[in-house]
2 protein chains.
Amino acid sequence: MTAGIASWLPLSTGERSVAIEVLVHGPLSRTELARRLGLSAGSLTRLTKPLIESGLLVEVAEAGVSAEARQGRPSTPLDVVADSRYFLGFKVTEDMVYAVVTTLRSHIVARHDRPLTTHDPAEVADVLGEMTAALARDHPRLAGIGIGIGGFVQDRAVVGESPFLLWRDVPLAELVERRTGLPVVVENDVAALVESETWFGAGRGLDRFVVLTIGAGVGYGLVLGGKRVPFAEEDRGFGRHWIVDPNGPLTPEGRRGSAVSLLTIPSIRYQIHAATGRDHTYEEILALAAAGDPMPARVVDEAARALGALLAQISNFVMPQKILLAGEGVGLMDVAGKTVEETVRDNRHPLAAPLDLETKVSDFHDWARGAAVLAIQVLVLGSAEG
Amino acid sequence: MTAGIASWLPLSTGERSVAIEVLVHGPLSRTELARRLGLSAGSLTRLTKPLIESGLLVEVAEAGVSAEARQGRPSTPLDVVADSRYFLGFKVTEDMVYAVVTTLRSHIVARHDRPLTTHDPAEVADVLGEMTAALARDHPRLAGIGIGIGGFVQDRAVVGESPFLLWRDVPLAELVERRTGLPVVVENDVAALVESETWFGAGRGLDRFVVLTIGAGVGYGLVLGGKRVPFAEEDRGFGRHWIVDPNGPLTPEGRRGSAVSLLTIPSIRYQIHAATGRDHTYEEILALAAAGDPMPARVVDEAARALGALLAQISNFVMPQKILLAGEGVGLMDVAGKTVEETVRDNRHPLAAPLDLETKVSDFHDWARGAAVLAIQVLVLGSAEG
DNA sequence: GGACTTACTTTTGGTGCGAAACAATTGCTG
DNA sequence: CAGCAATTGTTTCGCACCAAAAGTAAGTCC
């Protein structure tokens, strides 16, 4: 496999901002770029010329249907060559490794999953290496690898602590780099998803943006000034100490009335099991609640109120322009979205700017895609520091 | 009275950043400035020269005791001429107007208060004009006026809505400008205090900073990237809809268990009155609680827990580097600070960065000083937009 | 008093930008 | 179809700003 270059040719700050703007916001004419970046038309000629010569940007023919036939010289949009390079994203779970290959625009072009039968660091790295080799056959121009993992990651390279893999201070980036010859970034999975949504998803171009994930746990990501704010307790059980309702339920995972006890899938299943003695999947519980079964309805209602209170508090304090609700547990919104919205409204000032809430079901490939975005960022920005 | 110039001589962005750095962080040598601003030594010679020539900065002799007798050529710190210009800050309440004169560094050099016997906009402006004239006699070089007012203010000029003055859309800045000939900035009082603390106080140089005020109401200010985030519900009863404890007390001011019902001085006094039938001042209630009187102790304890929960939630979501607790109701911390801290700890992750909480008792002159800082900002930045 | 250290100044050259004139390419009008 | 208006993109020029390097100033240390 060919070793990808570590980063784009050294770009000046002006060139880089042009490149990122085109990468993130699709084909844009020079004039449009000048407007967006606050530069003069002349500067854009200067900045785009080397980018086009290096093959990073291309002039694309205005789509056949020239939409609005405006007067004047037609603009020639510029675009990145999205499939000039490919990126590999891994999501590592307790028993599976999910992989995706994406374009420079983070569009998924291939998927590949494999069960994980060992937790030995070297053997896990072997698995990742083999999967990379397999995927590289069909996608030769791989430029980098991103790995998302549930746990605490240091310097985007070392897994400091992973509860489900039972790892401590495993230099995963180095292990995989040695096996693949490609630059590797490792990051906490929630952080990766947040970066991904900030660059290419719901948080594109926003100044204040929050991501809240519900699934096996609760995850939180804060983006201010377009940059993610890192924090120490990240994915070390965030939300376990976060008390929403002091009289709420107690579960093995979180403290009484905590976000974890009220909202995560295991906790909701635990509550139903403790009350009825029967085991149900999360989807079954939601269906039973929708059908009016009293016990599931109560648990789901309580979860919805907790989520509403949580969202209201985030809105009140952070005042984000948008909150993205993601993860495997957002099915709650389909069944009890109305309760969530009511609770939010009830906990906010009537004059407050309305909450822009986006819900997104994410499967494991979305998490892997988030990791791939990290590799894209490294290539574009030239360093592993976000 | 002499009309102050509207702003400093047109400064380049580099010059302005030097001026602000010296203004906010005290006397600094050129080398130190170069380090802080990330510029070369040569650039600092270039940038400081015109500032010194224009009289805005001066070289100050290293204080007699040259502290640490370091090797090498001694540095010559630069400082602003703090009393080259004075600024006027007003805080307008229902029945009083508080005024302070400050230096460029926002040090208070004079105070002057007058009762307010009318709420007629023109007559209030007259009062402010007369107070300005009186203060201008002793402090001729007034450069600008800042007015802080409880209520909703638009464009830093028009009082859109003030519940206690019963004003709607009063162009206060214009009224006072016409009477004084000085540039006037009007702003919501909490916003003014936040700006003041961001420039000269607890929030100096911080990236993420929160101000929470407790007094007649609850105020909230969010500073991100060194800039205050404006919000629509600002001082239109913030905290009234903000439910801390669903089973908390109900007061005439706020909703059941809201921050207002639990924390504000009127609400605490109301609770005691409703329970015991007796009227006590806030200070008396705190003293009674400290002495162990059960009913006041319960109310104060509940307030402390609410404050702790509130601070924890802010910490968890905004992750500020510091929270400043200000206002007339911070006496609560003296009596029940331990309970507040315990509650904060109880609602946060053990690995989370410890909360940096600063408490500051503010009287009305502090609020007026906050308003004066707005006038300073306008002079230095050259516009009313923060 | 000479060596050394640190602070500041001067000089030089490069970079990045905007302004303005110019070229290109279309639609519209008569 | 010629001419004009509108719009995009290019070229040229000059300015503002900055870093690097070399030089100067002013002190301490031995």
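This is a predicted model: local features need pLDDT of at least 70, side-chain atom pairs count only at pLDDT 80 or more; totals for chains, interfaces and linings use all residues.
Two strands pair if DSSP finds at least two bridges between them. Strand β4 (residues 96-102) of chain B and strand β5 (residues 108-115) of chain B are joined by seven bridges. The two strands run antiparallel. One of the pairings sets B:Met96 against B:Pro115 in β5(B). Five residues separate β4(B) from β5(B), and the two strands form a hairpin. In its turn sits B:Ser106, with a positive phi of about 70°.

Now turn to the DNA. The largest share, four residues, comes from α3(A). By residue class, the surface near DNA strand C holds 15 polar, six nonpolar and four charged residues.

Next comes the contact between the protein chains. Chain A puts in 25 residues, and chain B puts in 25 residues. On the side of chain B that touches chain A, β12 (218-224) and α10 (294-318) each supply at least two residues. Helix α10(B) gives the most to that side, with five residues. The side of chain B that touches chain A divides into 15 nonpolar, seven polar and three charged residues.

Note on methods. Residues are numbered from 1 along each chain as its sequence is written. Chains are lettered from A and ligands numbered from 1 in the order in which they are written. Ala, Val, Leu, Ile, Met, Phe, Trp, Tyr, Cys and Pro count as nonpolar, Asp, Glu, Lys and Arg as charged, and the others, Gly among them, as polar. Two residues are in contact if their C-beta atoms, placed from the backbone, lie within 7 Å.
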